[in-house]
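This report looks at the open spaces in one protein model. Please view the sequence and the structure before reading on.

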Amino acid sequence: MATLQAIKYSRGKLLVLDQLRLPHENHYDEVSTAEEAFDCIRSMRVRGAPAIAIVAALAHAVELHNGDCTATEPEEVIAHIEKRLDYLKESRPTAVDLSNAITLLKLATRAANLEGLAHPEAKEAILNTYIQTAEEILAKDLHNNTSIGSHGAAWLQQQYNASSEKPISVLTHCNTGSLATSGHGTALGIIRTLHSEGLLKHAYCTETRPYNQGSRLTSFELVFEGIPSTLITDSMAGALFNLHRERMNIGAVIVGADRVVRNGDTANKIGTYQLAVLARHHGVKFVVAAPTTSIDLETENGSAIEIEERKREELTQISGAIVNEDGTVDTSKTARVAIADQRIGVWNPAFDVTPHELIDAIVTERGTVVKGADGKFDFSQVLPERLASVAARQL
């Protein structure tokens, strides 16, 4: 099955799909510095927790490959790398994949084998270690996504005894597909796998206000791959469950995650929490799809998650390509229009936190985690080493 590519990379060159131009125009920006990556991430030309981490890691790899680092002493080279990574970390603070990737890159760089090497060779070893580690983050993400798709589809099939004669329908929020990752996707990856295995009846996607990642991106991916699908506004989910749950066999809400903390509380795109409440009321499973890189075992519960607030204009203005009188879209002409009184006060959090009590399953590339009899998530089966390390530090 063909999929879209948000990121195109070869050593020394990084191209990032400008998602603000979708669905009408496919344009790739060349990103060759940390500053360009920061702007790309902050402006949301690239978004999705895995893709953000990949772009940040690879952008610095490109500038290192192209001679950005003028330091010669090993400690100075490492200090340069860490300073650039710390700068990139501030581009999107809520997404834990980015901070996890940065931690991994720092550890790998400091662990570079420099034994017996003079300064020029030592520097080269450090830079090569960084670049190879960044490239491994890209490759591993694609493998993780296909695994998440398989585990999630298998769990849902078991819950509903789904088959080609009895397929299930699902609802998803925001964009969690190829455009948010290196390929296949997380929540949308589960939907892709359900579809490929003949287990999907229909996929519904919310528009995901205020930035419309659902209407602009998820609907585009679903149509691109021929998956039967319908777009709804964020406020239609309750009516959808009430009126069509039985007829369409709606079995799950499947969402991604920017951060899952130790007790299972999950930060995701604003609007996720209300979908979890609606799903619980209507007896629909609520599933979080997230690679283990999105799981933050250092943070005990969701109250400690930093929630990014974005600019007011995202709620009061909107831009897009011009629609001609005959209904065709003219991508050469765009307009920005006001959709609210520009004097109104605005609160615009980018994320909300869904309590673990409302989540039925958290699907990772290592398996599906469900709550135990005590109502708590236990990540020891998928992250035994990290969980043991956290527990040891707390003693």
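## The model and the method

The model is predicted. Rolling a probe the size of a water molecule over the atoms shows where empty space is left.

## The largest pocket

The largest pocket holds about 800 Å³ of space. Its lining is made of 34 residues, and those closest to the centre are Asn-100, Ala-101, Leu-104, Thr-293 and Arg-386.

Several elements each supply at least two residues of this lining: helices H2 (49-65), H4 (96-110), H5 (119-160) and H11 (384-394), together with strand S11 (295-296). H4 gives the largest share, 8 residues. Sorted by class, the lining of the largest pocket has 13 nonpolar, 9 polar and 12 charged residues.

## The second largest pocket

The volume of the second largest pocket is about 660 Å³. Here 25 residues form the lining, and Leu-20, Arg-216, Ser-319, Gly-320 and Arg-336 are the closest to the centre.

Two or more lining residues come from each of helix H10 (313-316), strand S12 (317-323) and strand S13 (329-338). Which element gives the largest share of the lining of the second largest pocket? That element is S12, with 5 residues. By class, the lining of the second largest pocket divides into 10 charged, 8 polar and 7 nonpolar residues.

## The two linings in brief

In the largest pocket, the largest share of the lining comes from a helix, H4. In the second largest pocket, the largest share comes from a strand, S12.

Methods
Residues are numbered from 1 along each chain as its sequence is written. This is a predicted model: local features need pLDDT of at least 70, side-chain atom pairs count only at pLDDT 80 or more; totals for chains, interfaces and linings use all residues. Side-chain values use heavy atoms; hydrogens and water are left out. On a 1 Å grid over the protein atoms alone, a cavity is a set of points where a 1.4 Å probe fits but cannot get out, and a pocket is an open set with protein on both sides within 12 Å along at least five of seven lines; lining residues have an atom within 4 Å of a point. Grid points are joined across faces, edges and corners, and a volume is the space filled by probe spheres set on the points. Helices (H or I, at least four residues) and strands (E, at least two) are DSSP runs, numbered from the N terminus. Ala, Val, Leu, Ile, Met, Phe, Trp, Tyr, Cys and Pro count as nonpolar, Asp, Glu, Lys and Arg as charged, and the others, Gly among them, as polar.
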